[in-house]
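Open the structure in your viewer and keep the selection tool at hand. This tour tells you what to pick next and what you will find there.

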Amino acid sequence: MNRLQYLTHELLFRRGRSLATLLSIGVSVLAAVLLISVATTYSKAVQAPMKSVGADIVAQLSGDIPKALKGLVFPHPNALLPADEVARIKALPGVVSVTRGVYMWELPPNPYKSILGIEDGPAGLGNLNANITVGEAITPDSNAILIDSDYAAKNGLKPGDRLLIGTRKFPVAGIVDAATGGKVVRADVYMPIRLAQNLALHAPHVQDLYPFGPDDANELLIKVDSRDLRAVVEGIGAILGKNAVISSGLSFQDTLNSVLFLSRRLGLILALVVGLFSTAFVLRATASAVNERQREMALLQAIGWTRRQIAWQVILENTVLAVLGSLGGIVLALIIARLSGGIQITINLPWDLSSTPHFLPEATRDRSQIVTMPLDISPGLIAIAGLGGIAVGFLAASIATALKRAQPWTLLGAE
Amino acid sequence: MKVKTMTEPAIQTENLVKSYGSVEVIRNLSLDVPRAQFSAIVGKSGSGKSTLLGLISGLETPDAGRVLLNGTDIFALDDKGMAETRRRQIGIVFQSFNLVPALSALENVLLPVVFDDRLSKAEYEVRAHDLLSRVGMEARASHRPGALSGGEQQRVAIARALINQPAILLADEPTGNLDETTAAGVFDLLTGLTRDIGTTLLMVTHDMDIAAKADRVFEMKNGKVEQ
């Protein structure tokens, strides 16, 4: 017989106690892995909209509220961008490309819709054309429009139909899934910029507020070298002044930082609390098991085992249970993560990035983005949780065996 | 190297003192136990006879005095030295058997030699089977203590105590938990086996009939011994 056979017999003989230790470590590892992975996944999920908001930077200028909420208007964060300021922005170091846009709302008497006229290019028409689900692409010279898939579904529109904007009917060339394609600010209707410029030029409630010319814009989609993102954002701020509305991954992230901090820390804190309770439980269970076996340990001493050999036997037993418990917890966590289908969260976008005015009922729905993300259980997390579980078993046994005990003969002798 | 002679005592205690709280159980006790003989320690309950055996085994620490086993002061040894002395020189049989409930009879017999490499595992297994056979337990080798009677458990405990062929066998009321017939069988086994291998047998007993069969009897009274 060797010590491993002794260990196996002992664990099987006291299977109730073994199972309790194994389960407590397993459940703790499972809880810790799931809590941390939910927190990590949540952090990633809240950052996901950044990837589909549009270009790296959306630059706008805040202006006045239209005098009458009728017909074609510029939303108040979309004031006229003076041409010379656009030129200075294009010249900023780190700017890769600037795609100009004209963003408008159409308010009654026609049904509400948001309209984006946009230049050609990878952040503009090119990207929209790449995400057409039904119908044909449009070119900068085209007189046709693209319709967002949600808007098309809601209004029963299909390629070949005509849509009234202002006083003119535009042919629908295709349906575009801009939300999935991302990389562009969302609107209900997309068109070449010259058509939108023409609409704005003849819109009385736009002209009331701004001297909008035939080649002007009120929104810039800017691609930048990611290393220069912060510098470009600051540069645009300096050019457009205090009324600048600059949306970027950076600003979105700044807003979310407190949420991310909380979710990450909360996961960690909960995992630590679970870990502490588990350590306390395993320590108590081990101390109680060692107490029950005091006589057996005294006997081992009587037949010639050293105190160190006896302590190691108990530590080994607990460590084996901890390894099995940790493995079980990790495997269960992986299975649960796979079966759960991940986490789903609804995130409200900043309203100036939304395609719907905040005063319309649809805004509540339209400004939210649902993100589904599979639970992220990294190899690092598995390693830390596994080693943590094993350490709990090892330490509990080390502490329990180090506690002062009665002299062996007191436990074994006849008197 | 010190050569041990047949005249040198196997066990010597010198001025042993042991108290539990304010109660002095062993009072300045000196004792020589002759080698390769059967000696018995008798006395009333609470006279300190079992405590004396605990001190001799090194499983109880004295307040003062020395215990010499084959000339070695065991309390001068560290934990490793003490464990080695117990494993190689001492066998102990207890009143309450003290078998490990998770292990079979054979595994219980082999438990003292888990860390002993003087013989191979296979040779120890042969010896364990032989001992179980000699105590009449070979057929029950795979049974756990829970499936054995008191007498059978004590037979296994005797085999365990002899697996290392110890020079000294300490027996603490080994028949105290057994009926008369079983007790007689166990006693015969103990004395027979120890005589066969020339082991010094020191037995604590309250049974005067058993003590009468000893080569030497030490009577304990109030923590002291009368020979």
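Glu292(A) is partly exposed, because its relative accessibility is 49%. Keep in mind as you look around that this is a predicted model.

The side chains of Glu292(A) and Arg17(A) meet in a salt bridge, 2.7 Å from N to O. Glu292(A) belongs to helix α10 (residues 249-292) of chain A and Arg17(A) to helix α2 (residues 15-47) of chain A, so the pair ties together parts that are 275 residues apart in sequence. Arg17(A), at 26% relative accessibility, also counts as partly exposed.

Next, select Glu10(A) and Arg14(A). Their side chains form a salt bridge as well, with 2.6 Å from N to O. Are these two residues buried or exposed? Both Arg14(A) and Glu10(A) are buried.

For one more salt bridge, move to chain B and pick Glu8(B) and Arg35(B). The closest N and O atoms of this salt bridge are 3.8 Å apart. Glu8(B) sits in the segment before β1 (11-20) of chain B, while Arg35(B) is in the loop between β2 (23-33) and β3 (38-43) of chain B, so the pair ties together parts that are 27 residues apart in sequence. Glu8(B) counts as buried at 15% relative accessibility, and Arg35(B) is buried with a relative accessible area of 15%.

Back in chain A, select Glu10(A), Arg14(A), Arg17(A), Glu292(A), Arg293(A), Glu296(A) and Glu317(A) together: salt bridges that share partners join these residues into one network. How many salt bridges does a search of the whole structure find? Over all chains, the search finds 23.

## Stop two: helix α11

Select residues 294-302 of chain A to see helix α11, which is mostly covered: 8 of its 9 residues are buried. Among the buried residues of α11(A) are Gln294(A), Met297(A), Leu299(A), Leu300(A) and Gln301(A). Just after α11(A), click on Gly304(A), which takes a positive phi of about 110°.

## Stop three: aromatic rings

Now colour the aromatic side chains. The structure holds 7 aromatic pairs over all chains. One of them joins Phe74(A) and Tyr210(A), a stacked pair with 5.9 Å centre to centre and 25° between the planes. Phe74(A) lies in the loop between β2 (71-73) and α3 (83-90) of chain A, and Tyr210(A) in the loop between α8 (204-207) and β10 (219-224) of chain A, so this pair ties together parts that are 136 residues apart in sequence. Phe74(A) is buried, with a relative accessible area of 2%, and Tyr210(A) counts as buried at 9% relative accessibility.

For rings from both chains, select Tyr6(A), Trp305(A) and Phe115(B), which form one aromatic cluster.

## Stop four: patches on the surface

Switch to a surface view. Which residues form the nonpolar patch? They are Trp312(A), Phe394(A), Leu395(A), Ile399(A) and Leu403(A), with about 450 Å² of accessible area together. Helix α14 (residues 379-402) of chain A gives the most to this patch, with 3 residues. Ile399(A) is found in that helix, and at 42% relative accessibility Ile399(A) counts as partly exposed.

Then look for the positive surface patch formed by Arg162(A), Arg168(A), Lys169(A) and Arg194(A). Arg168(A) has its place in strand β8 (residues 168-176) of chain A, and counts as partly exposed at 36% relative accessibility.

## Last stop: strand β1 of chain B

Finish by selecting Ser19(B), which is in strand β1 of chain B. Ser19(B) is partly exposed, with a relative accessible area of 22%.

Note on methods
Residues are numbered from 1 along each chain as its sequence is written. Chains are lettered from A and ligands numbered from 1 in the order in which they are written. This is a predicted model: local features need pLDDT of at least 70, side-chain atom pairs count only at pLDDT 80 or more; totals for chains, interfaces and linings use all residues. Side-chain values use heavy atoms; hydrogens and water are left out. Patches are made of residues with over 30% relative accessible area and no salt bridge: like charges are joined within 9 Å, nonpolar side chains (Val, Leu, Ile, Met, Phe, Trp, Tyr) within 5 Å. Accessible areas come from the Shrake-Rupley method with a 1.4 Å probe; for residues, only the protein chains shown count as cover. A salt bridge is a side-chain nitrogen of Lys or Arg within 4 Å of a carboxyl oxygen of Asp or Glu. Lys and Arg count as positive and Asp and Glu as negative; His and the chain ends are not counted. The place of a charge is taken as NZ of Lys, CZ of Arg, CG of Asp or CD of Glu. Helices (H or I, at least four residues) and strands (E, at least two) are DSSP runs, numbered from the N terminus. Buried means under 20% relative accessible area, exposed over 50%, partly exposed in between (1.4 Å probe, protein chains only). Rings of Phe, Tyr and Trp (its six-membered ring) pair if their centres lie within 6.5 Å; planes under 30 degrees apart count as stacked, over 60 as edge-to-face and the rest as tilted.
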